[in-house]
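Please keep the sequence and the model in view while reading.

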Amino acid sequence: MSLSTVARRLCCSRSSSTSRLPVVSARLYSTEPAKDTGAKRYKYPEVYDPYGPMPPPSEKVVGLADRIASLPPEEIKQITPALLLRLNQPAPQAISGQGFSVGSQGGAGAAKTEEKKAEKTVFDVKLEKFEAAAKIKIIKEIRTFTDLGLKEAKELVEKAPVILKQSLTKEEAEAIIAKIKTAGGVAVME
């Protein structure tokens, strides 16, 4: 139940509604802090540690940390490879950024775009134009490879240039283009 609903019920009750109105509005719009109702409040820790409390580091570790912090940056960069070698640990593998695009990157981006076009496996067939005398033949051909009725196929042909069929393999798209070409139309693969 919302606060406004409670206020309305208190204000609109029949018994002494005029005497309750100032009290309710005073409580609703009061700037004083709310009275303690005795409910337990959860106290959040200042720092959340999901692994629980850990013992403080030993003097040896603190001294080592101080010595590392005082090294010049060139020597600090050499610590990780030296530790990996000493502990017989493999070097961490670099994460590949291939497949992620962060925008245009000049020549490299253009080369990747050309590769993607060469790798394209899904094609769309688009009817560019057709001869007016071959309109009926084109409509019939479109009905053979789509699930369109006569009216829908006619409307589709009249909207040329329009995409006739999507998500086809290269062989299927070439077959459809050949059929439309023999019927008197011009279709292209996209």
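Glu158 and Lys135 form a salt bridge through their side chains, with N to O at 2.8 Å. The term means a side-chain nitrogen of Lys or Arg within 4 Å of a carboxyl oxygen of Asp or Glu. The two residues are 23 apart and link distant parts of the chain: Glu158 belongs to helix H7 (residues 150-158), Lys135 to helix H6 (residues 135-145). Helices (H or I, at least four residues) and strands (E, at least two) are DSSP runs, numbered from the N terminus.

Glu158 is partly exposed at 41% relative accessibility. Lys135 is partly exposed too, at 25%. Here buried means under 20% relative accessible area, exposed over 50%, and partly exposed in between (1.4 Å probe, protein chains only).

## Basis of the values

The model is predicted: local features need pLDDT of at least 70, side-chain atom pairs count only at pLDDT 80 or more, and totals for chains, interfaces and linings use all residues. Residues are numbered from 1 along each chain as its sequence is written, and side-chain values use heavy atoms, leaving out hydrogens and water.

Glu158 has another partner. The side chain of Lys154 meets Glu158 in a salt bridge at 3.1 Å, N to O. Lys154 and Glu158 sit four residues apart in helix H7, so about one helical turn separates them. Lys154 is partly exposed, with 40% relative accessibility.

## A bridge to strand S1

The count of salt bridges is three. One of them pairs the side chains of Glu190 and Lys126, at 3.5 Å from N to O. Glu190 lies in the segment after strand S3 (185-189) and Lys126 in strand S1 (residues 123-130), so this pair ties together parts 64 residues apart in sequence. Glu190 has a relative accessible area of 34% and is partly exposed.

## The nonpolar core

Which residues touch the most other members of the largest nonpolar core? They are Val125, Ile138, Ile142, Leu164 and Ile180, out of 20 residues in that core. S1, H6, H7, strand S2 (162-168) and helix H8 (170-183) each supply at least two of its residues. H8 gives the largest share, five residues. A nonpolar core is a set of buried Ala, Val, Leu, Ile, Met, Phe, Trp, Tyr and Cys residues joined through side-chain atoms within 4.5 Å.

Leu164 touches Val125, Lys126, Leu127, Ile142, Phe145, Thr146, Leu156 and Ile180, not counting residues up to four places away in sequence. Contact means heavy atoms within 4.5 Å.
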